[in-house]
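Here is a short briefing to keep beside the structure as you look through it.

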Amino acid sequence: MPEINVTPLGAGQDVGRSCILVSIGGKNIMLDCGMHMGYNDDRRFPDFSYITQNGRLTDFLDCVIISHFHLDHCGALPYMSEMVGYDGPIYMTHPTKAICPILLEDFRKITVDKKGETNFFTSQMIKDCMKKVVPLNLHQTVQVDDELEIKAYYAGHVLGAAMVHIKVGSESVVYTGDYNMTPDRHLGAAWIDKCRPDILISESTYATTIRDSKRCRERDFLKKVHESIERGGKVLIPVFALGRAQELCILLETFWERMNLKAPIYFSTGLTEKANHYYKLFITWTNQKIRKTFVQRNMFEFKHIKAFDRSYADNPGPMVVFATPGMLHAGQSLQIFKKWAGNEKNMVIMPGYCVQGTIGHKILNGQRKLEMEGRATLDVKLQVEYMSFSAHADAKGIMQLIRMAEPRNMLLVHGEAVKMEFLKGKIEQEFSIDCYMPANGETATITTNPSVPVDISLSLLKREMALGGSLPDPKKPRTMHGTLIMKENSLKLVSSEQALKELGLNEHQLRFTCRVQLQDPHSDPDTLHRIYTHLKSVLKGYTIQHLPDGTVMVESIVIKVSSSAEDSNAKVLLLSWSYQDEDLGSFLSTLLKKGLPSGLC
Amino acid sequence: MDRECVSLLPRVCEVLAASGSSLPDDTSLEKLLDWFTEVTKAGTSLLESCPCLLEFISSVVHNTTLDPSILSFTLRLSGLVAVTEDAFTVLQQSSVLDLVFNLQHWQEAGLWEDPCIRIGWIQGLRTMMQHPKALGFFVQADFLKPLLQLQTDKSLFVASAANQMLAHVLLSCQSVSSVESNGVDEEGEDVGRSSGSIADLEYPAITVETNQDYAAVVTAISECLKKSLVPRKNSQLHQSLQILKLLALLLAQTRAPLWEKLLQMVADSVYELLAAGYSQLVLPLMDVILAAHSDLVHTAQSARVLLLPLDIITGLNLLTTTADEQQFSMVEQLKNKTSCISMICVCLTNTPQITLTAADCLPCPPVLIVTAVLSLLRLCSGDFSSSSSSSSSCRDVSRNIIGSSKVQKCALEALIALSGSPGVEVKLPEVVTLLVQYLDNPHSDPTVLHKSYQALVRWMSVCSDLSSITDQHRQDLLQVATKRSCDIRWEVRDSTVEFLGRLAGVSVVQTTAEEVSDASVALLGGCCFTTPLLRAALQDPESYVRASAISALAQTLAASWQQGAALTQEHTEIVNQLLEVLSRDTEGFARRAVVRYFIAWLSSRSSHSSPPPLASSSLLMPSVRSVLSRGSADLDWEVKVHTLELAELLLHEAFSGQRGYMKGNPTQTHPYAVIPDTLHTRTHNEEDVVGELNSLVQWGVVSALLSGLVDCDRPVALRACRLLMTLREVVCPLSLGALDATAAMAMVAKVTCELPGCGWAREIRKMLATKAKDAERGCSVGEVVDCDDCGEAGQEAASGGGQTPCVSVCEVLRSLDLDERLDVLTRSSDHVHNSPFSLLQDILTASSAHSQPDTQQEVIVDCY
C-alpha cells in the first residue's frame, strides 16, 4: 500500500522553528525552513544532517515550500541553500518572496551586530537564496515536475501567508503554515477548497484557546497607550521590521484621528516607507475593506506617524515610538528603553514573544533590576505590557478548516504537546478521523489507497457520451462500464468488442436456463398460447413473439412447454436467457411459478 | 567557575527538581548543559565545584513524575558529570549511576516511550564513555543490545544518536583492543587521534578478560552490520538505511585494521544491495561507496560505478569494458525517470572528485569526461545531434533528462569543477559555444542561467589563454548579455550584471602581442560595452540589481582608475548617479555598494602618488566628502560602518608614517611591534599635522567619526571609537598633556570642527558639557589647572544657541573618555545577557513568575 510519511524536524509538539519533511508518492518535500531565535549557534537552524549526512540536500529533496515570511518559518533558508547546499526549487508566494529577504537581512544585521557571532549567512547568500525562489500565485497549480504539483491558498495571518495543497497522483497533503480563520484589520480569513486531502497538516498554536476577538485586544492596547499618553508618559513598542508593526500603525493612526490626539507617533529606521510600498504592491492580498477604500484613501499613508530621529527620545512630553528590534536585544529599541526605563509614567508594550537572554524576556518575567554593560544596574520602573496580536486560528477556527477541506487524516504541528492532545481528542471525536501529532524526529505514516492509472479508449468514451453522459470531469467521478485489459504493463478500459479483437478471442454466449412446473389442463400448444397472452398483458412495451417452432420469445428469453409423462396436466416450462437479460429472466421465472390466471383463453 | 553562579546554582537545582511542567523557555536547559560542558572542558570538576548536582541527580531520578524534559536533561548531565573517572566512581558508589542508566527503571515508569528520555539516555552514555571504566560499565550492563534496537527507533533523532553512539563504541573498543594487542601505547593514541571524538582517551592496563569483552562488542556490531544490511522484506528497508548510514560514518572515521575488517565483512552485502537496486537506498549506498573509495582497488571500482550512467546516456565510451549484466541492470534503472535523474545527479556531483584521483585509477582521461558532460548538457536541451548512443533503450534513457533543470545545474556544477583538470583547456571553445547557447535558450531556468554565467567566468579564469576564442563567440556573447540584461526576471538581470563585474576581475592573455587584459575587455570589448549596460541597471526597479550594478561598475572602472585615466563626462555622470543612490535609494544594499565603490576608488588611487591634474580622480575628493556626510547619516548601520572604513582610508592617507599613527586597532597592537618601513616613508612635522587635520575636518571625517561614536548600533560605535583613538594618538596624544604643548601643538589645538544642531551633535555636546561640569567640580576642589580652554569647548557646546558652535578637535578627543567607552563597547550588552549568571537568573524568575500566574500575564510562544 502506498504511504505518506510526515517527519517534523521542527514544530513537532513545539512552537519553535517549523521544518516538516513530507514524503509522498516517492517525492520528498520540505515544508518551511525556520529558525529558532533562542540560540546563537547552529542549533538555531534545523539539523539537516538527519536528511543526509553528506550535505547534498538537492539529491534528496524535490522542493522546499515556505508558507510565510516569519523567521520561525523561513529564517534558516539561506543557511540551508547556501551553506549546507541546496540547489533545487524553493516555492513561496509573491509577497513572501518580496518581504522575506527584508526580514532575513534585518535579522542578519541584528545577529552579526552581536559579539562572537560566527557561521551566519551574508547578504550575498540571502540574495543567492532568493534567486532560487519560484513565486506562487493563489489558486494556480504549479507543476514541480511530471508528477508533483502544488497549489497555494489564502491563509490570512500575515501578508502573503499561504496554505499549500501538494499532490502526487491521487495522493495529497495540505499544509496550513500559520493561518487565521477570522478577518482582521488588514487581512482576510483563510479559505480552502473541499479538496479532501489524505492528510491536513495544521498549526495548533491556540489549540485549546477560544480566543477573545482581536477587537478586544486592540481596544485594550489603545486604552493602555491612551492612558499612558494622558498622564504624560512615553510609550515604546519594540517591533521587527515588517508585519505586526504595520498593523499597530493602522490601529494607532485611526485612533489618533478619531480622538484628535496631538502627541507624536514616531517610527524608527524608515521602515514604514518600505512596508507601505509592499502593502501597496500587494493590495490584492489584503482584505476587502482595504482594497475598497484604497482608491479614495491609502490606509498605509499615515498622517500622524513620522520618522524618528534619535534625539527625539530626550524630548519632553508624551510620545509613542515604534523601534526595532522586537525583543529589546540591541540597537535603537534597546537604546530608547534604557533612556525611558527609569520613569514609571512610561510604558513598554511587547507585541510578541521574546527569547531567553533578551531584555524583553527578562522584563516580561518581572525582573526589575537589570545588569547593564559597565557594571551598571538599570532600575526598571516603567510599566511593562505584553500583548500578542498574532493572528492564529483558535480551536474553533481549526475545526472550521477541517470542515472546509474534509481531510482523511489530521496531523497537528506548531503547538504545545498538552494542548495538541486535547484538540486531537476533540477532532477524533467530532470527525471520526485519525489525528497524529508526531514529536520532532518522529515519523507519522499514513497509508493511502493505491492509485492505478487506466487508459480509456476513445470509442468507449464516445459511446458513454452518446448515452447522454456529460464530458469527463476530474471533479465529478462516475462509473463506466467496459472491459479492463492489461497489455505491456499498462491497463486499458475498452469496449468488450474491442477487447475481443485486441486479444484475438472469440465471443462465448452464456445462457441461463430454468424449469418451472405448473398445473395447466390444456394441450401444450394451448398452454404456450396462454402464456403468450398472459405475458402480453403483463409486459407492456416488450417484444413478445409466438414463434412457429413452438416457442415464445420475450427479448432474448426463450420459453418452451412440455408435459410430464405421468400427468399431462403437469406442464414443465423451460426458460432460457442470455446474461444480458438476467433481470428479466428471473422476473419471468418468478412470475410463471405463480401459475397462469384462470380467465385466459 | 563564577562565584555568583555557584551561589545561584543550588536554588536553580531546587526549582528544576520541583517543577512539574517544562520551563517556559525550551532553550534554558540546553544552555545550562552548554555551560556545564564548558566548565568541564576547562578542567573543572563539576562535582567538586557544585556538590549540589549529585543531590539533584539522585532526587530527580527517583521522581519519575517530573517533566520528561527535565529527566532527559538529568540523564545528559549525569553523563557529563561522570566524564572523569573520579566523578564516575563517586556516582557509582552512591548508586546513582546504575539507576540513571537503568533501562528497566525508565520502562517501568512508562517514560521510555518518550523520545526525549531515550535520547537523553544515549547522549548521557555517550558523553560518559571517555574512560575505560565507563566502557566497562557499558559492556557489563550489556547496553549493546538495546542500543542496536534503538538504531531503528521510530524517532529519527534517537536512531541517529544511536548510530553515532555505536560508531563511538566501536571506535573506543577498537582503540582499547589495539592498545592491548600491540602493547604499544603510541598506536592506540594514533587511532584515538584519527577519530577525533575520543582524542583524549588514554587507557591504562586492561585485563585480558575485559579485552575479550571488547572484542565481543566489536564482533557483535560488525555481525549486525553484515546481517542487517540487505533487507529481506520491504519493511526492513528502514533498517538497511540506518545500517548504511552507520557504515558510511564508520568507514569515514576508522582506520586499519578495523577499516579493512569492516569492508571485508560487508563488501558482499554491499554488492548485493547494489544489484538489487532499491531506489530508496541509492543515495546512502553511494555515500558508503565514496567513504570506501580511499583505497586504490575501491577507487577504480567506485569510479566505474559512478561513471556508468554517464557512459550509458551519452554513449561515449568512458569505460572501456563493462560487464553486460551490469550495463543491463543500470539501463533498466535509468529507464525510470525519477531514478534516472537522481542517479545522473549523484554521478555528476562526484565526477570532479574522481578526476582528482591518480591517473592510473581513472578509466578515461578527464578531457573525455568533460566531453561527456558537454554532451549531456546538449541532451538536456533536447539536442540529440551529437549523441552517439546507438541502442534505442539508451535513447529512451536520454529522453528522461530533457529539460530537467536539476540535471542541467548538476552538470554545470561538474563543468565548473572540471575546469581545473589537466588537459581540458582544449575544450574551451566548445564550452563557450555551449554556455552561450544555454544563455540564449529562452527555456533556461534563471538558476541554470546563473550557473552558466558562473561556469563561463570560471573557465575564463582557469584557461587564461583565449586565443581559441573566435569573433563569432564574442559577438554571440555580446548579444546574449545585452538581451539578458533586460530580462523580465530580476534574478536573470542580477546574474547578468554580476557576470559583467566578475568578468572584469579576471585577467587573461589575448591572441595578439601577449598583452594581459581583463576578460571583460577580451570578450566583450570592455567599458564601452559594459558601462552603458551597467548604468542602465542603476535604474533597475530591483534593489539587488542596482547594488550589483554599482559593484560591477567599480570592478569595470578599476583599471581606468589605476591608469589615472582622464576625466570624462561619463565619469561625472556616474558619480552623480551614485550620490543620488546614496541619498535616495530605499534599500541598504544599493547604498552599501555606493560606499564600497568609493572605497575601491580611493584605495586604487592611493597607490598612485600624484594623479595628473585632469584625471578622473579630481572628482574623487569632492564626492568623498558627500559620501562621508550622507553615509554617516544613513539608517543602515552597515552603510555607516562602510563609511567609517572610507574615513579610515583618509585617516591612513593623511597620517601614515606620522608619529603615533597605528593602522587598525590601537589597543590590539603590541607596543613593541615592528612597524613596516612603508609607514615611515613620509615624514611629517607639526605643520603637516595641522594641515592634514584641517583637511580631515573639511572632508567631514571628524564629523563622521563623532556621529558614529554615539550611534546606537554597537559595530558603528566601536569602529568610530577606535578610529577616534587613533586620531587622538596622532594629533594630541594624552601622554603629552596640555601643558607640554609646543607652539606647533598649540596650532593643532586651534583646529576646530562644527557641532550642528542635529541628533548626534547634541549627544556629543551633552557629553562634553557633563565632562566640563566634572572638570569644574574638580577645579573647585582646588586643583591648579588652566581651565580656560578645556572649559570653553564644553560651555560653548552646551550653550547651543542659534549659531553652529565650533569646538577644538583636540579638546573633544581628550574629553570624550574614549578609553572607557571602548571598554564598554568591546564587551557589549551580549556579554551581560548571554552569561551563565543571566541564564540562572532567568530560570529563577521564570519559575517564580510561573508559580504566580495571577499576577503575571501569560506569554504565549507564537511566532516571530
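The contact between the two chains draws 97 residues from chain A and 87 residues from chain B. Please keep in mind that this is a predicted model. The area buried between chain A and chain B comes to about 7,800 Å², and the structure holds 66 salt bridges over all chains.

**The interface as a whole**

- Carbon and sulfur atoms give 47% of the area buried between chain A and chain B.
- On the chain A side, the residues that lose the most area to chain B are A:Lys131, A:Arg310 and A:Tyr353, and together they account for 10% of what that side buries.
- Between chain A and chain B there are 29 residue pairs in polar contact, counting pairs with both residues at pLDDT 80 or more.
- Helix 4 of chain A (residues 94–113) gives the most to the side that touches chain B, contributing 7 residues.
- By residue class, the side of chain A that touches chain B divides into 27 nonpolar, 36 polar and 34 charged residues.

**Salt bridges between the chains**

- The rule finds 16 salt bridges across the interface of chain A and chain B.
- One to look up is the salt bridge of B:Asp842 with A:Lys362, where the closest N and O atoms are 2.9 Å apart.
- Another salt bridge brings together the side chains of B:Glu30 and A:Arg43, at 3.1 Å from N to O.
- B:Glu30 sits in helix 2 (residues 28–41) of chain B, while A:Arg43 belongs to the loop between strand 3 (27–31) and helix 1 (57–60) of chain A, so this pair joins two chains.

**A helix pair in chain B**

- Helix 1 (residues 3–18) and helix 4 (residues 52–62) of chain B pack at an angle of about 5°, and their axes are 10 Å apart.
- Angles under 35 degrees count as roughly parallel, and helix 1 and helix 4 of chain B are therefore roughly parallel to each other.
- Helix 1 of chain B brings B:Leu9, B:Pro10, B:Cys13, B:Leu16 and B:Ala17 to the contact, and helix 4 of chain B brings B:Cys52, B:Leu53, B:Phe56, B:Ser59 and B:Val60.
- The residues of this contact between helix 1 and helix 4 of chain B divide into 9 nonpolar, 1 polar and no charged.

**Backbone details in chain A**

- A:Thr324 and A:Pro325 are joined by a cis peptide bond, with omega about -5°.
- A:Pro325 lies in the loop between strand 15 (319–323) and helix 10 (331–340) of chain A.
- A:His157 has a phi near 55°, which is a positive value in a residue other than glycine.
- You will find A:His157 in the loop between strand 8 (148–154) and strand 9 (162–168) of chain A.

Technical notes
Residues numbered from 1 in each chain as written. Chains lettered and ligands numbered in written order. Predicted model: local features only at pLDDT ≥ 70, side-chain atom pairs only at ≥ 80, totals over all residues. Heavy atoms only, no water. Contact = heavy atoms within 4.5 Å. Buried area = accessible area lost by both parts, 1.4 Å probe. Salt bridge = Lys/Arg side-chain N within 4 Å of Asp/Glu carboxyl O. Polar contact = N/O pair within 3.5 Å; in protein donor to acceptor, adjacent residues only side chain to side chain. Helix = DSSP H or I, 4+ residues; strand = E, 2+ residues; numbered from the N terminus. Nonpolar A, V, L, I, M, F, W, Y, C, P; charged D, E, K, R; others polar. Axes fitted to C-alpha atoms, helices over the stretch in contact; angles between N-to-C directions. Parallel < 35°, antiparallel > 145°, perpendicular 65-115°, else oblique.
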